[in-house]
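Please keep the sequence and the model in view while reading.

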Amino acid sequence: MLERSFLPRHLLGIEGLTADQIVPFLDLAESYVLLSRSRSAPRDALRGQTVINLFFEDSTRTRTSFELAGKRLGADVINMTVATSSVNKGETLLDTASTLNAMRCDLLVVRHAQSGAPALLSQKVEASVINAGDGTHEHPTQALLDALTIRRRLGRLNDLTITICGDIGHSRVARSNIHLLSTMGNSIRLVGPPTLLPSTMAQLGNVSLYSDMDEAVRGADVVMSLRLQKERMGAGLIPSTREYFRFFGLDKRRLGLAAPNALVMHPGPMNRGVEISSDVADSDQSVISEQVEMGVAIRMAVLDRLSRARMSP
């Protein structure tokens, strides 16, 4: 049985977690990978509990993953579509918190465009809150599923060189991965245009900044490309997508500079020919599809462990 001290009430971010707090999520998720692949009947770990997916931003991949995870654990899962909710009629976040408390939900999965919104809700609702991505802050379950994918493929999650490429400045995925992978004892290289790579990122962990994609990829065990988040960008941050791919896209030649059998990762959705070429995305070294599969297992583990924390005295 997992130690009580390892059972968190909320999962709002990776920053501040220790390796001993991260590893139990990964270990529990391993058992859920086997459950999902065997297509066994849903478990009853969350029977009688309600999971609400409250998404203020679109994200079919993450929301569906949490929905599958909740249902496979036997929970009642409700997807709240903000576009048709009272939020668009002027309801504040605190009003929403009051409504959620009246519904007596047990686990609340929140995605919001503003950094810190899930943390605010966690102070106002009785449910356990899971951050499914807030602004440019964090996306903790994405970092956990990436870590699980790496550990399963490479057999370890330490002493690796991991290159994260692209739109670092707007990426909550990058921030969560930097915190997690640094905590686990890896070396992180960040590379991208100066307009998308703030110098402050070097303060987040065992991080080195690069402006040359070839040098950043050379000898890396894992290469993770990030989506250009045009919806968060101001004008003029990149000259064009064609120029961006020329200098920072991951293609077959650049992948050849990495360590033999280096893993190729991308949190999705991909812009082929912008961040990554199709032949690399579809190559044997790509674990992009496996990342999606690990997402369900990790979210099952997160829901399970937070549920246990609620039920523990």
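**A helix across the sheet**

Helices here are DSSP runs of H or I with at least four residues, strands are runs of E with at least two, and both are numbered from the N terminus. The model is predicted: local features need pLDDT of at least 70, side-chain atom pairs count only at pLDDT 80 or more, and totals for chains, interfaces and linings use all residues. Residues are numbered from 1 along each chain as its sequence is written, and side-chain values use heavy atoms, with hydrogens and water left out.

Two strands count as paired if DSSP finds at least two bridges between them; strand β3 (residues 107-112) and β4 are joined in the parallel sense by five bridges. Leu108 stands opposite Val129 in β4. Contact, here and below, means heavy atoms within 4.5 Å.

The bridge partner of Thr163 in β6 is Arg189. Strand β6 (residues 187-191) is largely enclosed by the rest of the structure, because four of its five residues are buried. Buried means under 20% relative accessible area, exposed means over 50%, and partly exposed lies in between (1.4 Å probe, protein chains only). Ser182, in helix α6 (residues 172-183), is buried because its relative accessible area is 17%. Apart from residues up to four places away in sequence, Ser182 touches Asn177, Ile188, Gly205 and Asn206.

What holds the nonpolar interior? A nonpolar core is a set of buried Ala, Val, Leu, Ile, Met, Phe, Trp, Tyr and Cys residues joined through side-chain atoms within 4.5 Å. The largest core has 59 residues, of which Leu144, Ile150, Ile164, Leu180 and Leu190 touch the most other members. Helix α11 gives the most to this core, with nine residues. The core draws at least three residues from each of domain 1 (19-138 + 292-311) and domain 2 (140-288), whose bounds come from an automatic or database domain assignment. Apart from this core lies another, of 22 residues, among them Val191, Leu196, Val264 and Ile276.

Ile276 is also one of the contacts of Phe245, which include Leu250, Asp251 and Arg254 when neighbours within four places in sequence are left aside. Phe245 itself lies in helix α8 (residues 241-248). Between Phe245 and Leu108 there are 38 Å, C-alpha to C-alpha, with the two residues 137 apart in sequence.

Taken whole, the chain contains eleven helices and nine strands. Buried residues make up 54% of its 313 residues. Along its principal axes, the C-alpha trace spans about 55 × 45 × 35 Å.
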